[in-house]
Amino acid sequence: MDSRIHFFSQIDVIPKSVGPELLGIRGRQANEFAELGFPILPGFILDTEIASEIQAEAIKKDIRVLLDKCSSTAGKKFGDTDNPLLLKVVISSNLAVTTYPTLHNFGLVRPTIDGFAKWVGRDFAVHEVLFLVRGMLKIEERIKELEDKAKEQGEIQARLKFLNRALGIAGPSNELGVKEKPVRIDKSAEDYMDEYAKYFPKGFFDSAENQILFTLSEISKMLQMDEQNDRDTALLVQPMVYGNYGKDSCSGDFFSRNVVTGDKHLQGQFYRGKFNEIDAQGQSIDKIGPTHLKQLEKIAWALEDRFKEIRQVRFTVENGKLWLIEQRLIDQKSTQADIKLLLDLAKRKIISNADVVKAIEPLRLNEILHPVINPVSVKGFKSWKGGIAGAPGAAIGRVYFSTAALLEARKQAMAKGEEDDFILVLMSSFAEDVKAIEVSTGVLTAEGGFSAHASVVARQYGKVSLVAPALRISGKKAVLGNLSFSEGDYITIVVPFYGESSIYLGTAQLIEPDPEESGLLEFISLSKSFLKTFHVRANAETPRDAALALSFGADGIGLCRTEHMFFHADRINVFREMLLSDSPKERKKSLDKLQVMQRNDFYGILKVMAGKEVTIRLLDSPLHEFMPHNDGELKAYLSHVGKTKKTKPSKAAVLASIDALHEFNPMLGHRGCRIAVSYPEIYAMQIRAIFEATYKLRQEKIDARPEIMIPIVMNASELKLIAYGKKIEGSSYTGIVDIEEELRKSKKAKPVDYQIGTMIELPAAALGAGEIAKYGRFFSFGTNDLTQTTLGISRDDFTAFMPDYTLFDLIKGNPFSTLDSRVMELIALAVERGRLTRPDLVCGLCGEHGANPGNVRFCMDAGLDYVSCSPYSVPIALLAVVQAELEKAGADKD
């Protein structure tokens with residue numbers, strides 16, 4: 001036997017000494033079946049060393065011996081006139097993608113055609129003869145092309161065109177772009193053999209042995225001539241079986257488990273009495289019968305254990321005997337299915353826990369955290385595709401073009417017990433729109449991008465966000481390309497993490513995520529077991545979001561944005577009244593009301609996060625953001641103050657006060673700590689609320705750990721003033737430390753541990769970190785603003801010119817998603833300088849940069865202690881941290 005030809009079967013495995021690359025991909029797959037002892041059809045492989053130089057006479061004796069071995073196992077004999085064994089030849093390249101044809105049914109010759117037809121029917125037998133001819137003509141076509149024989153090649157192409165139509169194989173469209181109709185197969189098998197015999201050597205349809213030897217020689221000739229073949233292609237020869245061969249026969253395919261849910265039961269169909277699924281009515285695989293089902297389950301789960309992934313298997317039952325045809329990996333499967341498989345393997349000690357967390361790419365978790373649509377449910381819907389993904393998922397709802405309109409529609413729907421799914425559609429969103437985004441299913445805007453206000457808030461609340469620059473809104477109607485919709489219409493927004501986003505006019509069917517059922521919570525728990533010192537916190541402003549973040553693995557809150565708390569319907573006008581007050585007495589009255597609200601807010605969040613740090617950022621937004629922005633909001637405010645004040649202010653007076661708060665560049669204007677300097681009573685109210693909540697929780701034996709963060713500082717003097725106060729001639733400023741001490745004494749409370757720190761979001765603060773660290777025990781890097789102020793670009797406006805910059809490679813990627821190198825340099829510098837002053841300085845990064853796995857490794861290497869991101873991004877960041885820890889641990893071992 002030629003040492004380059006290798007036999008395999010259920011009990012014969014190709015030796016390990018034969019390099020796997022010699023077998024090609026399909027050859028390796030066949031041998032893998034053999035290694036597992038599965039019921040595979042026997043066969044042989046002419047490896048890459050011989051496949052390109054086959055001489056028929058030289059291998060004839062070996063082929064006879066091998067075919068006899070195949071016949072003894074398959075129960076049919078090659079060339080037999082009554083029950084003939086037929087062969088397939090697979091061109092087994094080492095390339096994943098090839099254009100080689102399917103080559104089936106060798107052994108169908110004049111002496112065997114009647115015996116084959118007796119089992120499968122005359123029409124099917126004729127079809128298989130034509131399929132054999134088509135495969136061989138594809139080989140001959142390629143050879144003529146390589147020989148540059150255009151005339152012969154053209155003649156073969158004409159015959160292939162006919163065969164494609166006869167066999168129902170989709171071919172190219174005609175000149176008018178119309179698919180040509182199939183033709184009838186109206187001749188006998190023998191007639192077609194006579195018709196096509198001229199394309200092959202004499203005797204091709206007379207002898208089964210001559211047919212297979214010629215075929216192997218011709219394929220070898222083609223490979224030898226093809227410059228793309230670098231002696232890296234083998235030939236696999238294997239008997240064929242048919243699902244329509246006798247009474248107890250079928251064909252089918254299945255996945256080793258459900259590729260959507262990950263449930264451990266076979267998912268697939270079988271086709272009784274059919275060669276394959278074409279024009280066949282399938283039945284669920286679990287109805288195939290207990291004997292075969294038990295066999296298939298054993299095979300499926302052995303494959304999972306072997307390959308550590310979900311596999312797809314094709315099989316045939318011929319005359320009651322099961323044969324496996326092919327097994328391969330699957331591309332189209334859900335993250336949930338992969339996670340459930342990995343957890344199952346780990347529980348049975350097939351893989352380690354570390355293998356589980358290393359196997360899932362962090363960003364894939366987006367799929368399991370957000371709803372998706374059933375694609376079948378949107379067939380026929382009008383749609384628009386494109387836009388910039390702000391927050392992934394799928395959302396369905398009635399459209400409203402303002403926060404006021406959406407909230408009013410929701411109020412009416414709830415009163416009537418109707419469906420309250422709504423989508424907010426705006427040109428751009430602002431702080432006052434947070435309350436509408438929170439109760440909506442999704443938000444569609446025209447301006448901004450991934451880091452736009454709407455996108456950031458949507459990710460915070462687990463909503464869907466899409467930015468569509470082509471969106472045009474006129475009154476109560478919107479137009480997006482060829483799609484138009486009016487207020488109250490239902491639309492479906494689909495924002496996949498990978499691929500193009502879509503908007504459909506109508507209601508799709510949603511598939512909602514279930515973190516527990518999906519295995520996500522178990523996966524998170526497993527991942528956290530590998531954490532060392534670096535951890536992940538969450539951005540959250542409500543007890544609900546805090547609890548959600550905790551379930552997703554967050555170790556505390558890294559950013560509680562207190563300005564978001566003031567936009568609730570029952571608070572916003574109280575806050576406006578405070579800002580527009582004419583006297584300190586009136587302002588104090590409003591502040592007292594707000595203090596009760598804030599105390600309850602902080603109590604709930606600190607209680608949920610018991611034993612974990614909660615970083616509370618004091619008021620940051622510019623004051624103008626809290627003002628009424630339309631007639632409806634202004635009317636509501638005037639109605640409110642009419643009830644709370646003895647003398648109701650005029651509309652003109654209120655508008656004048658609002659106008660006085662106007663700024664030309666508010667993001668660099670009167671905001672953050674600057675408000676505290678001008679209006680110290682606002683921060684004082686928030687500070688008292690924090691400590692009142694903390695004292696109350698400590699009385700309840702709950703470990704509350706507040707961290708008070710001062711935003712937008714540019715130098716150490718600002719932080720020193722707000723933290724420790726200052727006295728000057730004729731005036732004084734009461735700092736956080738003094739407020740806490742005074743309140744503690746009045747409440748007769750025991751001292752509590754708390755920290756004061758700052759958000760580093762200006763280059764000046766990063767450069768002055770050494771001085772700032774004298775007065776703050778922690779730094780939190782606000783990378784959205786730090787990116788804006790470092791690069792001098794607006795996160796809400798940069799998408800207008802970024803395509804041009806990307807075209808000419810002027811900037812790499814989206815700097816509001818992936819940290820810019822200059823921003824990273826400032827962070828690293830600030831950490832270094834800060835710790836020179838205060839070695840135990842705690843440093844974190846808050847914002848959606850922290851949810852990008854590409855940024856996590858930098859944060860760890862730069863010496864940060866944590867990243868903080870929206871609750872729905874916590875699992876993604878957590879997995880990125882764990883994978884970095886495991887990678888580092890592996891490198892250390894090496």
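1. Two strands count as paired if DSSP finds at least two bridges between them. Helices (H or I, at least four residues) and strands (E, at least two) are DSSP runs numbered from the N terminus.

2. Before going further, please keep in mind that this is a predicted model, in which local features need pLDDT of at least 70 and side-chain atom pairs count only at pLDDT 80 or more, while totals for chains, interfaces and linings use all residues. Residues are numbered from 1 along each chain as its sequence is written, and side-chain values use heavy atoms, with hydrogens and water left out.

3. Strand 26 and strand 27 pair in the parallel sense over 2 bridges, and Asn-539 stands opposite Leu-559 in strand 27. Arg-561 also deserves a look: a salt bridge joins this residue to Glu-541, with the closest N and O atoms 3.1 Å apart. (A salt bridge here is a side-chain nitrogen of Lys or Arg within 4 Å of a carboxyl oxygen of Asp or Glu.) Arg-561 sits in strand 27 (residues 557-561) and Glu-541 in the loop between strand 26 (535-539) and helix 16 (543-551), so the pair links distant parts of the chain, 20 residues apart. Both Arg-561 and Glu-541 are buried; buried means under 20% relative accessible area, exposed over 50%, and partly exposed in between, with a 1.4 Å probe and protein chains only.

4. Next, the helices beside these strands. Helix 17 (residues 572-579) packs on helix 18 (residues 584-608) at an angle of about 145°, with the axes 8 Å apart, and their crossing is left-handed. Axes are lines fitted to C-alpha atoms, for helices over the stretch in contact, and angles run from 0 to 180 degrees between N-to-C directions. A left-handed crossing has the near helix turned anticlockwise from the far one by less than a right angle; clockwise would be right-handed.

5. Who makes that helix contact (heavy atoms within 4.5 Å)? Helix 17 brings Val-574, Phe-575, Glu-577, Met-578 and Leu-579, and helix 18 brings Arg-587, Ser-590, Leu-591, Lys-593, Leu-594 and Met-597. By class, the contact has 7 nonpolar, 1 polar and 3 charged residues. Ala, Val, Leu, Ile, Met, Phe, Trp, Tyr, Cys and Pro count as nonpolar, Asp, Glu, Lys and Arg as charged, and the others, Gly among them, as polar.

6. On salt bridges elsewhere, the count comes to 63. Lys-198 bridges to Glu-155 at 3.9 Å between the closest N and O atoms. Lys-198 is exposed at 62% relative accessibility, whereas Glu-155 is partly exposed at 38%. Asp-344 and Arg-348 form another salt bridge, at 3.2 Å between the closest N and O atoms. Asp-344 is buried at 16%, and Arg-348 is partly exposed at 34%. Salt bridges that share partners join Arg-257, Lys-264, Glu-304, Asp-305, Asp-344 and Arg-348 into one network.

7. Finally, two backbone spots to check. Lys-308, in the loop between helix 8 (290-307) and strand 11 (311-318), has a positive phi near 60° and is partly exposed at 34%. Ile-712, in the loop between strand 29 and helix 23 (716-724), has a positive phi near 55° and is buried at 1%.

Conventions
Contact means heavy atoms within 4.5 Å.
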